[in-house]
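Grab your viewer and try each task before reading its solution.

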Amino acid sequence: MLIPSLAPTIAPAIAPFVLPPNLAFSAIAAVQISSIFAGSGDTQAPYSKFALGQKLDAPIPSKLGMLIIYSPAAAYALYALLQDSWTISSPTLIPLLLIHFAKRLFETVFVHKYSGSTSLPLASGIGTYYVLMSALIVATSASTIDPTLQTLGLSLFAIGAAGNFYHHVLLSNLRKNKKEDDKYVMPSSGLFKYSAAPHYLFELIGWLGIGLTSQSVNGLLVFLWMASYLSERARAQNEWNASKFENWVNKKNMIPGVW
């Protein structure tokens, strides 16, 4: 009796979100759900510090790898924005996707300080995933716009993008100001005082904004997959920090004061 009694409350909340429009997108949704629950476990994608000590297939500089990861999705979003057909979806959805990936490219070129390597097949695979993910969000987005969800989604995206960028700058400044004999410097500014990966938290806030703006189940599943992946990476980051820094104690993985 619980589900029927909750139906009048739940139905209005989910009504603005469109279900997968056909069998193919339903199958994709099933894959999305399974990948969310599969998680990434203890094995992290070998880029950034998690590539250290690993044998990489076709190693390339990390900066080039990041450009390969983000450029295709940015190009797709720009192409979609220039098409007349993009207006069938949310008027803010494709611009938000373009802003997100353009921001990541800007950070890659002008903010982040890279020193390691990554794998060309890995970078190409992630780049392909981001393109397909973006196309999926656009293709399944609602044609009937809910103004409240659009405003909420846009607000969350703005908060997420700003917070993510701010904490990326803090990380970059650590490398800029470190001593020559310091390989790594413990982050302690901003929300790094309280958690290992606040930049992941803000990235997820941004993806939630995109998911809400899409008003689609597939779009929300993209957010949930990102939450699953980045949560595992934040946990690994916290463990890595604890192993490297003596003063790194009692900090949360990603959400200050919570987890």
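**Exercise 1.** In which helix do Lys103 and Glu107 both lie, and how many residues apart are they?

*Solution.* Keep in mind that this is a predicted model.
- Step 1: look at helix H4, residues 93–110, where you'll find both Lys103 and Glu107.
- Step 2: check the side chains, which meet in a salt bridge with an N to O distance of 2.9 Å.

**Exercise 2.** Work out which residue forms a salt bridge with Arg235 at 2.9 Å, and say where the pair lies.

*Solution.* 
- Step 1: the partner is Glu232, with the closest N and O atoms 2.9 Å apart.
- Step 2: both belong to helix H8 (residues 217–244), and because they are 3 residues apart there, about one helical turn separates them.
- Step 3: the cut-off for buried is under 20% relative accessible area. Arg235 has 18% relative accessibility, so Arg235 counts as buried.
- Step 4: Glu232 comes in at 24%, so Glu232 counts as partly exposed.

**Exercise 3.** Describe how Glu239 pairs with Arg235.

*Solution.* 
- Step 1: their side chains meet in a salt bridge, 3.0 Å from N to O.
- Step 2: Glu239 and Arg235 are 4 residues apart in helix H8, so about one helical turn lies between them.
- Step 3: Glu239, at 48% relative accessibility, counts as partly exposed.

**Exercise 4.** Which residues do salt bridges with shared partners join into one network?

*Solution.* The network is made up of Lys103, Arg104, Glu107 and Glu203. For the whole structure, the tally is 5 salt bridges.

Definitions and conventions. Residues are numbered from 1 along each chain as its sequence is written. This is a predicted model: local features need pLDDT of at least 70, side-chain atom pairs count only at pLDDT 80 or more; totals for chains, interfaces and linings use all residues. Side-chain values use heavy atoms; hydrogens and water are left out. A salt bridge is a side-chain nitrogen of Lys or Arg within 4 Å of a carboxyl oxygen of Asp or Glu. Helices (H or I, at least four residues) and strands (E, at least two) are DSSP runs, numbered from the N terminus. Buried means under 20% relative accessible area, exposed over 50%, partly exposed in between (1.4 Å probe, protein chains only).
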